[in-house]
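This report goes through selected features of one structure. The sequence and the structure are shown here before the description begins.

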Amino acid sequence: MPRGIDRDEVQRLLAEEAAQLLEVLPQAEFEDEHLPGAINIPLKQLDRERAGQLERARPVVAYCYDYQ
């Protein structure tokens with residue numbers, strides 16, 4: 001179930017639960033800069049098939065970078 005989390009929780013999920021980082025910005029922005037180890041599935045392309053690329057047993061931390 002989606003929920004907001006803070007930086008400490010992201011770090012805990014990565015360290016303790018091998019969470020997957022999912023960057024949802026367009027490919028060009030992902031290539032320009034992203035968090036180490038992140039997977040890129042642009043939000044406009046995020047469908048059932050693409051989501052199937054993620055490991056269901058591991059938590060997913062979806063994020064995007066926004067200047068606002």
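## Salt bridges

E17 and R12 form a salt bridge, with 3.0 Å between the closest N and O atoms. The model described here is predicted. E17 is partly exposed, because its relative accessibility is 35%. R12 is likewise described as partly exposed, because its relative accessible area is 27%. R12 also meets E16 in a salt bridge, and here the N to O distance is 3.1 Å. E16 and R12 are four residues apart in helix α1, which spans residues 7-17, so about one helical turn separates them. E16 counts as exposed, because its relative accessibility is 58%.

A further salt bridge joins E9 to R3, and the closest N and O atoms of this pair are 3.6 Å apart. The two partners have opposite labels for accessibility. E9 counts as buried, because its relative accessibility of 18% falls under the 20% cut-off. R3 counts as exposed, because its relative accessibility of 58% is over the 50% cut-off. A network of salt bridges links R3, E9, R12, E16 and E17. The count of salt bridges for the model is five.

A18 sits in the loop between α1 and β1. This residue is not a glycine, yet its phi is positive, at about 50°. A18 is partly exposed, because its relative accessible area is 38%.

## Q20 in strand β1

Strand β1 covers residues 20-23, and Q20 is part of it. Is Q20 buried or exposed? Q20 is buried, because its relative accessible area of 4% is under 20%. The side chain of Q20 also reaches a backbone atom: the oxygen of R58, at 3.3 Å.

Which residues are in contact with Q20, once its neighbours within four places in sequence are left aside? They are I39, L54, E55, R58, P59, V60 and V61.

## I39 in strand β2

I39 belongs to strand β2, which runs over residues 39-40. I39 is partly exposed, because its relative accessible area is 29%. With neighbours within four places in sequence left aside, I39 is in contact with Q20, L21, L22, E23, F30 and L54. Among these, Q20 lies in strand β1.

I39 and V24 are 15 residues apart along the chain. The distance between their C-alpha atoms is 8.6 Å.

## The largest pocket

The largest pocket has a volume of about 650 Å³. It is lined by 22 residues, and those closest to its centre are E23, L35, Y63, C64 and Y65. E23 is also one of the residues in contact with I39.

Several elements take part in the lining. At least two residues of the lining of the largest pocket come from each of α1, β1, α2 (27-32) and β3 (60-63). Which element gives the most to this lining? The answer is α1, with four residues. Sorted by class, the lining of the largest pocket holds 13 nonpolar, two polar and seven charged residues.

## The second largest pocket

The second largest pocket has a volume of about 420 Å³. Its lining is made up of 14 residues, and M1, P2, R3, V60 and A62 are the closest to the centre of this pocket. Two of these names have come up before.

Strand β3 gives the most to the lining of the second largest pocket, with three residues. How do the residues of this lining divide by class, and how many are nonpolar? The lining of the second largest pocket has 12 nonpolar residues, one polar residue and one charged residue.

Technical notes. Residues numbered from 1 in each chain as written. Predicted model: local features only at pLDDT ≥ 70, side-chain atom pairs only at ≥ 80, totals over all residues. Heavy atoms only, no water. Buried < 20%, exposed > 50% of the residue type's maximum accessible area, 1.4 Å probe, protein only. Polar contact = N/O pair within 3.5 Å; in protein donor to acceptor, adjacent residues only side chain to side chain. Contact = heavy atoms within 4.5 Å. Salt bridge = Lys/Arg side-chain N within 4 Å of Asp/Glu carboxyl O. 1 Å grid on protein atoms, 1.4 Å probe; cavity = no way out; pocket = protein on both sides within 12 Å on 5 of 7 lines; lining within 4 Å. Points joined across faces, edges and corners; volume = space filled by probe spheres on them. Nonpolar A, V, L, I, M, F, W, Y, C, P; charged D, E, K, R; others polar.
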